[in-house]
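Please look over the structure below, and then follow the text through its inner spaces, a sheet and a strand.

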Amino acid sequence: MNRTYSRTIVASDLDRTLIYSAAALALAMPDEEAPRLLTVEVHEAKPLSYMTEAAGRLLVELADAVRFVPATTRTRKQYRRISLPGPQPSYAICANGGHLLVAGRTDHDWNAEMRRRLTEGSAPLAEVRAHLAATADPEWLRKERVAEELFAYLVVDRDRLPAGWVKELAAWAEPLGWTVSLQGRKIYAVPKPLSKSAALAEVVRRTGADRVIAAGDSLLDADLLLAADAGWTPGHGELADSGWTASHVSALGVGGVAAGEEILRRFLAGVRS
């Protein structure tokens, strides 16, 4: 592995940033002009997530030049379904920072540290789950899940979800030290100490990196982007829809799977500049 720019870390969200479900591809061009796609996730014997083949080549090139750190809200089990081109990342951030994988293995000391921070800085998960159960309507609620005993999320029917419900939930959760994020059909309730930036800071500490560039599309990526020296957001998603900005973060005009390819081009240009 070459890693010419080894003191730089590239930390990126995955879903709807670098990889895309079929529903999120946003292939707006004529069929004959559509890019060739690479399957990067299989679930229950069916392809689930994709990137363009060009993006796959760019990721291999990027991982050969710098330390690439996936930073996802997925659980460890969900993350391990993904097979990205190139070598296995030496570090990966899962469960929105609650788990740090080192060479693919769980760092239990880091998880214990994060659970200590949650106890000190946010209301218990059980209290938030009870509120979700009391306020979510079965008419639009499809599933309620707990991720790694760290945070909760709902799978909903967006067409039936009442306007304003997510904002009401966010207002209730704020004083309890929790953040609410709406991503596609999922509503996440995540304690504020549980952050991608906290795990990223630990990776920076361990590696001695002196520069971080990042990308993400949702409210749960905002702290990751703010912790970076430079960053990019795609032309879709929660941050784009809300008009979120930061002086060192560039908003791309392209959306869908093409945005993932463009982000990787920007990453490579960024680490070489």
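The largest cavity is lined by eleven residues, among which Ala 63, Phe 68, Pro 87, Gln 88 and Pro 89 lie nearest its centre. A cavity here is a set of points, on a 1 Å grid over the protein atoms alone, where a 1.4 Å probe fits but cannot get out, a pocket is an open set with protein on both sides within 12 Å along at least five of seven lines, and lining residues have an atom within 4 Å of a point. The model is a predicted one, in which local features need pLDDT of at least 70 and side-chain atom pairs count only at pLDDT 80 or more, while totals for chains, interfaces and linings use all residues. Residues are numbered from 1 along each chain as its sequence is written, and side-chain values use heavy atoms, with hydrogens and water left out.

The volume of the largest cavity is about 80 Å³, a volume being the space filled by probe spheres set on grid points that are joined across faces, edges and corners. Its lining has eight nonpolar, two polar and one charged residues, where Ala, Val, Leu, Ile, Met, Phe, Trp, Tyr, Cys and Pro count as nonpolar, Asp, Glu, Lys and Arg as charged, and the others, Gly among them, as polar.

The largest pocket, by contrast, holds about 1200 Å³ of space. Its lining consists of 35 residues, and Asp 15, Arg 74, Arg 185, Lys 186 and Tyr 188 are those nearest its centre. By class, this pocket lining divides into eleven nonpolar, ten polar and 14 charged residues. Strand β9 gives the largest share of the lining, four residues.

Among the elements that supply at least two residues each to that pocket are β2, β3 and β4, and these strands form an open sheet in the order β2-β4-β3, with antiparallel pairing. Because β2 (20-21) and β3 (37-43) stand at the edges with a single partner strand each, one side of each is left without a neighbour in the sheet. Strands (E, at least two residues) and helices (H or I, at least four) are DSSP runs numbered from the N terminus, and two strands pair if DSSP finds at least two bridges between them. Two bridges join β2 to β4 (residues 46-52), and Tyr 20 has Tyr 50 in β4 as its bridge partner.

Elsewhere, Thr 8 lies in strand β1 (residues 8-12). Is Thr 8 buried or exposed? Thr 8 is buried, with a relative accessible area of 6%, where buried means under 20%, exposed over 50% and partly exposed in between, with a 1.4 Å probe and protein chains only.
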